[in-house]
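The stops below are given in the order in which they may be selected.

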Amino acid sequence: MTQEQWDFVNLLVIVARFVQVFGFFFAILMLIKEFPIGYTFLVFAINLVGFFAILTGVLTRLFSLPEVLIADAVIIVLSIVIFLKAYKVKKLKEKFPPPPKPFTRCPVCGSFIDPKGNYCVLMDSKSLLYFDTREHMEAFIKKPQLYRISREINYDGVRRVCINKEEGWIEWGQSPQRVISQNP
């Protein structure tokens, strides 16, 4: 192999690696920001397979410089498309509270919460509290100390509430009066 050919191969490898680092950055960012894990692994897998395919193609002289650049562009576009889809899914999940786990009880009356029924959710800084009625959520917000002692609840103030699970979360801050004063 002549010096020019080696320089060309080295240039291909360097360009492909910079592009791959960009793709791995997306996967790491998705892990840190808690994106859906399936999308995160898909981005990582596309970049990993692309990395080895391009490297093998360059070393076996199957890929020319334009082909490597096209392959890198395809990998980046796929990574960005998957990243944007994962971002959309993540934002949609954050808009609505998760359904209650089986055998979740209302902290006010102790009855089981029906995941398919109407229920209200209160989020504090540490946990989600599910209530079978809006009135129970309002009673809890007015006097949380009545329920904290008997139910071992670590409640530290209202951050968000969900009165209607089809409408999603409402940001409330620390003021219980704002929750109670809203019309149903």
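Which residues of the largest nonpolar core touch the most other members? In this predicted model, they are L122, F131, M137, F140 and V158, from a core of 21 residues. Select these five residues to begin.

Next, colour the elements that give two or more residues to this core: the strands β1 (120-123), β2 (128-131) and β3 (160-162), together with helix α4 (134-142). Strand β1 provides the largest share, namely four residues. In soluble globular proteins, nonpolar side chains tend to be buried together.

**Aromatic pairs**

Display the aromatic rings next; the model contains nine aromatic pairs. Select F35 and Y87, which form a tilted pair with 6.2 Å between the ring centres and 35° between the planes. This pair links distant parts of the chain, the two residues being 52 residues apart. F35 lies in the loop between α1 (3-32) and α2 (37-59), whereas Y87 belongs to helix α3 (residues 65-95).

Are the two partners buried or exposed? F35 has 8% relative accessibility and therefore counts as buried, since the limit for that class is under 20%. Y87, at 41%, counts as partly exposed, because its value falls between 20% and 50%.

Then move to F51 and F52, an edge-to-face pair with 4.9 Å between centres and 75° between planes. F52 counts as partly exposed, at 47% relative accessibility.

**Charges over rings**

Keep F35 in view and show K90, which lies over the face of the F35 ring at 5.5 Å from its centre. A second example is found at R105, placed over the face of F112 at 4.0 Å from the ring centre.

**A buried serine**

For the last stop, select S79 in helix α3.

Notes
Residues numbered from 1 in each chain as written. Predicted model: local features only at pLDDT ≥ 70, side-chain atom pairs only at ≥ 80, totals over all residues. Heavy atoms only, no water. Phe/Tyr/Trp six-rings, centres within 6.5 Å; stacked < 30°, edge-to-face > 60°. Buried < 20%, exposed > 50% of the residue type's maximum accessible area, 1.4 Å probe, protein only. Lys NZ or Arg CZ within 6 Å of the ring centre and 35° of its normal. Core = buried A, V, L, I, M, F, W, Y, C linked by side-chain atoms within 4.5 Å.
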